[in-house]
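Please look over the sequence and the three-dimensional structure before reading on. The report below is meant to be read with both of them in view.

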Amino acid sequence: MKPSLMDYTQKELMQMIKPSFRVKQIFGWMYHQYASDFDAMKNIPKSMKAELSEKFVVNPLTIVNKEESSDGTIKYLLQMQDGKTMEAVWLKMKEEEIDCDGELVHEARYTICVSTQVGCKVGCSFCLTAKGGFTRDLTAGEIVAQVVTLKKDNEHKHNRKINIVYMGMGEPLDNLDNLAKAIQIFKEDDGLCIGAKRQTVSTSGLSTKIDKLGEMDLGVHIAISLHAVDDELRSELIPMNKAHNINSIIEAVKRFPIDTRKRVMFEYLVIKDKNDDLGSAKKLVKLLHGIKAKVNLIFFNPYEGTEYDRPSRKDMIAFQEYLVNHGLLCTIRDSKGMDISAACGQLKEKTEGEI
Ligand code: SF4
């Protein structure tokens, strides 16, 4: 497997490729024109392209499959050079708005959900990705290329804003070095120029790694997949809770450098008769006391073979009302892509065997 040019920051490429202005041109081809290979780079000398193509690939991903939902969510199955596959999701967060004079009020807003590993070691009991075990970490270039590939496929211009959530397959903090590198590459002014504030790292709660990410001071947001308010249930849902219990996560969040204008997102996957009662809501309020938090309630999305059920809308709303009445900001996440394979790992599971 050759390294990808997307594995490197501009500075690193400038140390490897001379003269430096060629790196700026190559960056433009990769991140502004979304060139997938060296052939497309018209103003790069043939001899240089031949030399580079012996050592590197440009975009290491190809689209194997995609499913589009009626709400605009597009789920992609992407293949890497070694034939392994992973998923990335294009999410439409807000429709374009045009006023009565035909003027654009704001553009449609999109978020890309990216994967950081093939499979996952965490082994959450509600997750399809976990069932396949862990295969390998993604390289920084494979993380970066997901955004490039999806922007290209959706003809989303390089200078249009996009948000990134590290919430696809894998535990991002279990691949911290490559994650940190990808965050830096996304931020490059001559590249995609996606600021840290537009990037959210979602973790299942590796508390020691939350501290490490905080020490790196990259400026990204964090989201915590909490899902339960007592260690017994959380250990059933997320086995590694035994090593990183709820208390250790809450303490790590309190130490994390957070932009004062922002809130830490706590994801709470609501499962019928498991954690959808008001007793759990009460404990959640107590647990998050003193943290500038926002809670995102997510309907559990059943898949074939799961033992868990989707909660009722009534219970979900009662849970939300309890949190709001006790001073917490709380949203219920629309189940985007309900008509496609929206739970992580579903499209991969469905497609494997077909490719
Ligand atoms: S939910 Fe996320 S952290 Fe848990 S097993 Fe699945 S991919 Fe890993």
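## Basis of the report

This is a predicted model, in which local features need pLDDT of at least 70 and side-chain atom pairs count only at pLDDT 80 or more, while totals for chains, interfaces and linings use all residues. Residues are numbered from 1 along each chain as its sequence is written, and side-chain values use heavy atoms, with hydrogens and water left out.

## The sheet and its edges

Ten strands form an open sheet with mixed pairing, in the order 1-2-3-6-9-10-11-12-13-14. Strands here are DSSP runs of E with at least two residues, and helices are DSSP runs of H or I with at least four residues, both numbered from the N terminus. Two strands count as paired if DSSP finds at least two bridges between them. As a general point, strands of a sheet pair through backbone hydrogen bonds, either parallel or antiparallel.

The edges of this sheet are strand 1 (62–68) and strand 14 (329–333), each of which pairs on one side only. From one strand to the next the twist averages 20°, where axes are lines fitted to C-alpha atoms, for helices over the stretch in contact, and angles run from 0 to 180 degrees between N-to-C directions.

## Parallel neighbours within the sheet

Strand 9 (residues 163–166) pairs with strand 10 in the parallel sense over three bridges, and Ile-164 stands opposite Gln-199 in strand 10. Strand 10 (residues 199–203) is mostly covered, with five of its five residues buried; buried means under 20% relative accessible area, exposed means over 50%, and partly exposed lies in between, using a 1.4 Å probe and protein chains only. In a regular strand the side chains alternate between the two faces of the sheet.

Strand 11 pairs with strand 12 in the parallel sense over three bridges, and Glu-267 in strand 12 is the bridge partner of Ser-225. Strand 12 is joined to strand 13 by seven bridges, and these two strands run parallel; here Phe-266 stands opposite Val-295 in strand 13. Strand 13 (residues 293–299) and strand 14 run parallel as well and are joined by five bridges, with Asn-296 opposite Thr-331 in strand 14.

## Aromatic pairs and charges over rings

How many aromatic pairs does the structure hold? The structure holds five aromatic pairs. Rings of Phe, Tyr and Trp (its six-membered ring) pair if their centres lie within 6.5 Å, and planes under 30 degrees apart count as stacked, over 60 as edge-to-face and the rest as tilted. The rings of Phe-27 and Tyr-31 are edge-to-face because their planes stand at 70°, with the centres 4.9 Å apart. Both residues lie in helix 2 (residues 20–31), four residues apart, which is about one turn of the helix, and both Phe-27 and Tyr-31 are buried. Phe-300 and Tyr-308 form another edge-to-face pair, at 6.0 Å centre to centre and 90° between the planes. Phe-300 is buried, with a relative accessible area of 2%, and Tyr-308 is buried, with a value of 3%.

A charge sits over a ring if NZ of Lys or CZ of Arg is within 6 Å of the ring centre and within 35 degrees of the ring normal. The charged end of Lys-121 sits over the ring of Phe-134, 4.7 Å from its centre, and Arg-310 lies over the face of Phe-299, at 4.1 Å from the ring centre.

## Backbone details in loops

A cis peptide bond, with omega about -10°, joins Lys-18 and Pro-19, and Pro-19 lies in the loop between helix 1 (10–16) and helix 2. Tyr-34 has a positive phi of about 55° although it is not a glycine, and this buried residue has a relative accessible area of 7%.
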